[in-house]
Amino acid sequence: MKYKSQQVAWWFFALSGVLLLLQIVYGFIMAFAHLGYDGLHDLIPFNAATATHKNLLVVWILSGFMGAAYFIIPDEAEHELISVPLAKLQFWSLAIVGVLAVIGFHLNWWEGRKFLEIPRPLDYLVVVNVLLFLYLIIMTLWKGKKRTTTSLVLTMGLLFAALLYLPGMIWFDNQTTDSFFRWWVVHLWVEGVWELIMGGILAYLLIKLTGVDREVIEKWLYVIVGLTFISGILGTGHHYYYIGAPKYWLMIGGIFSAMEPLAFLGMALFAISMYRKGEKRHPNQIALYWTLGTAIVSFVGAGLLGMAHTLPAVNLYTHGTFVTAMHGHMAFWGAYGMLVLAIITYSMPLMTGRKLYNAPGANYAFWLSNIGMVGMTTAFAAAGVTQVYLERKVGMDFIDSQQAMEVHFLVLIASAALFTTGIVMFVVNFFKYGRPTDEALEPA
Ligand code: HEM
Ligand code: HEM
Ligand SMILES: [Fe+2]
C-alpha cells in the first residue's frame with residue numbers, strides 16, 4: 001500500500017462484515033418462520049425481518065463498494081485521498097443512517113416498497129452522505145496524476161448508482177407508476193451500473209493478482225461495459241410484464257433481458273483468461289479465489305438463474321415466488337457479495353502488514369460459504385418449483401401451499417448453517433488482522 005489515506009477503507013470493510021452477520025440473523029428468523037416456527041412474531045414480524053434482511057444487504061454491499069473506492073482510487077490516481085477526516089465523517093453518517101433505518105423497521109417506520117423500504121426523510125440523509133462520498137472520490141481523481149480506465153469505470157458506476165437512487169424518491173399515488181420507477185433503482189442498479197463497479201474492481205484485482213498488462217485487461221472492460229448497457233437498460237422490461245405497463249414490454253423485456261447473461265459470461269471468460277495468461281504467482285492466492293469466484297458464481301447466479309425465469313411465458317408463473325429468491329440469493333452473493341470479500345481479502349494484508357491469508361480459516365471461509373450458498377440456492381429452487389406447481393398450476397390456497405413447502409426450509413437452514421460458518425470464519429479472520437498500521441506503508 002502506497003498511500004496512508006487508503007487506510008480509511010478499513011472502517012467501511014469492518015462495517016460490511018458486521019452488517020453481513022446481522023443480515024444473516026434476519027435470514028434465519030425468516031427461514032424458521034417459513035418452517036412454522038415464528039416465535040419472534042410479536043417482536044419482529046415477517047415484514048420487519050424481510051425489510052431488515054434486504055436493506056442490511058444493500059448497506060453492507062454499498063459500504064464494501066465505498067471501502068473499495070477509498071482503497072483503489074488513491075492507488076490508481078497516485079494521490080492521497082483529499083480528506084481523511086471528511087471520509088471518516090462520511091463513514092459515521094453512513095453507519096448512523098443504517099442503524100436508524102433498522103430501528104425504524106422494527107417500529108413500523110418503513111415504506112412497503114421492496115428494497116426501498118427506507119422512509120423518505122432518511123433518503124435525504126442518504127443523498128447527503130453519498131454526495132460527500134462522491135465529492136471525495138471525484139476530487140481525488142481530479143487532483144491525481146493518472147486517470148486510468150479502471151478508476152474511471154469504477155467512478156462512473158458509483159456516480160450513476162447515486163443518480164439512479166433519485167427516481168425511487170419521487171412520490172407517486174399510482175401503484176403501477178410507483179413500481180415502474182422502483183425498477184429504475186433496483187434493476188438498473190444490479191443489472192446496470194453496479195456491473196460497472198464490478199468491472200472496475202475486478203479489473204483492479206486482476207491487474208494486481210495476475211500481472212497481466214493493464215492495456216489487455218482494460219480492453220475487456222470496454223466490451224463488458226458495452227454488453228451491460230446494450231442488454232441491461234431495456235432489459236428492465238422483464239419487470240414490466242404484468243404490473244400494468246403497456247404490452248410491448250413483453251417483447252422488449254423478453255428480448256433484451258435474454259441478452260443480459262452475455263455481460264456476465266463476458267466477465268467470467270475475462271477473469272478466467274486473464275488468470276490463465278498471468279505469469280505472476282501472487283502470494284495472496286485466496287484473494288484470487290474470491291476474484292475468480294465472483295466472475296464465475298455471478299454468471300451462474302445472475303446469468304443462468306436469471307435466464308431461468310426472464311421469459312414472459314415463464315415469469316407468468318414464477319413471478320414473486322421462491323424461484324425469485326433462488327436467483328436473488330446466488331446473484332447477489334456471486335456478483336456483489338463475493339466481490340466485496342475479494343477486495344477485502346486482497347487489501348487487508350497490505351493495510352495491516354499481516355499475512356493471515358495463509359491461515360487455514362481463510363480457505364474454509366471460501367469453500368464453506370460457497371458450498372452453503374449452493375445448498376441454499378437449491379433449497380429455494382425446490383421450494384420455488386413446488387410453489388409454482390401447487391399455487392399457480394393446481395390452484396391450491398396460498399397458506400396450504402406454504403405448508404407443503406415447509407420441508408424445503410429444513411434444507412435451507414442446514415445449508416445456511418454451512419454458509420454462516422464460512423462467513424463467521426471470514427469476519428473473525430478480518431478482525432484478527434487488527435487495524436491498519438503505518439509500518440505496512442510502502443516506502444515512497
Ligand atoms: C448481479 C446481477 C443480479 C442480481 C443481484 C439480481 C437480483 C435480483 C433480485 C434481488 C430480484 C428480486 C427483485 C424484487 O422482487 O424486488 C431479481 C428479480 C429478477 N431477476 Fe435478477 N438479478 C441479477 C441479474 C439478473 C439477470 C442477468 C437476469 C436475466 C437474465 C435477471 C432476471 C430477473 C427476473 C426475471 C426477475 C423478476 C423475478 C420476478 O418476477 O419475481 N436478473 N433479481
Ligand atoms: C445464511 C443465511 C440466510 C438465510 C437463512 C436467508 C433466508 C432468506 C429468506 C427466508 C428470505 C425470504 C424469502 C421470502 O419469503 O420472500 C430471504 C430473502 C432474501 N435474501 Fe436471504 N438469507 C440468507 C442470507 C442471504 C445473503 C448472504 C444474501 C445476499 C448475498 C441474501 C439475499 C436475499 C435477497 C436478495 C432476498 C430477497 C429475495 C427475493 O426477492 O425473493 N440472503 N432470505
Ligand atoms: Fe432485472
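The model examined here is predicted, with local features needing pLDDT of at least 70, side-chain atom pairs counting only at pLDDT 80 or more, and totals for chains, interfaces and linings using all residues. Residues are numbered from 1 along each chain as its sequence is written, and side-chain values rest on heavy atoms, with hydrogens and water left out.

Helix α10 (residues 285-307) packs against helix α12 (residues 322-352) at an angle of about 165°, the axes lying 8 Å apart. The pair α10 and α12 is therefore roughly antiparallel. Where these two helices meet, the contact residues comprise 17 nonpolar, nine polar and no charged; here Ala, Val, Leu, Ile, Met, Phe, Trp, Tyr, Cys and Pro count as nonpolar, Asp, Glu, Lys and Arg as charged, and the others, Gly among them, as polar.

Helix α1 (residues 9-35) and α2 have axes that come within 8 Å and cross at roughly 160°, so α1 and α2 are also roughly antiparallel to each other. Their contact is made up of 21 nonpolar, ten polar and no charged residues.

Turning to the backbone, E78 shows a positive phi of about 55° although it is not a glycine. This residue, E78, sits in the loop between α2 (46-77) and α3 (84-106). With 22% relative accessibility, E78 counts as partly exposed (buried means under 20% relative accessible area, exposed over 50%, partly exposed in between, with a 1.4 Å probe and protein chains only). F115, likewise not a glycine, has a positive phi of about 75° and belongs to the loop between α3 and α4 (120-143).

Note on methods
Chains lettered and ligands numbered in written order. Axes fitted to C-alpha atoms, helices over the stretch in contact; angles between N-to-C directions. Helix = DSSP H or I, 4+ residues; strand = E, 2+ residues; numbered from the N terminus. Parallel < 35°, antiparallel > 145°, perpendicular 65-115°, else oblique.
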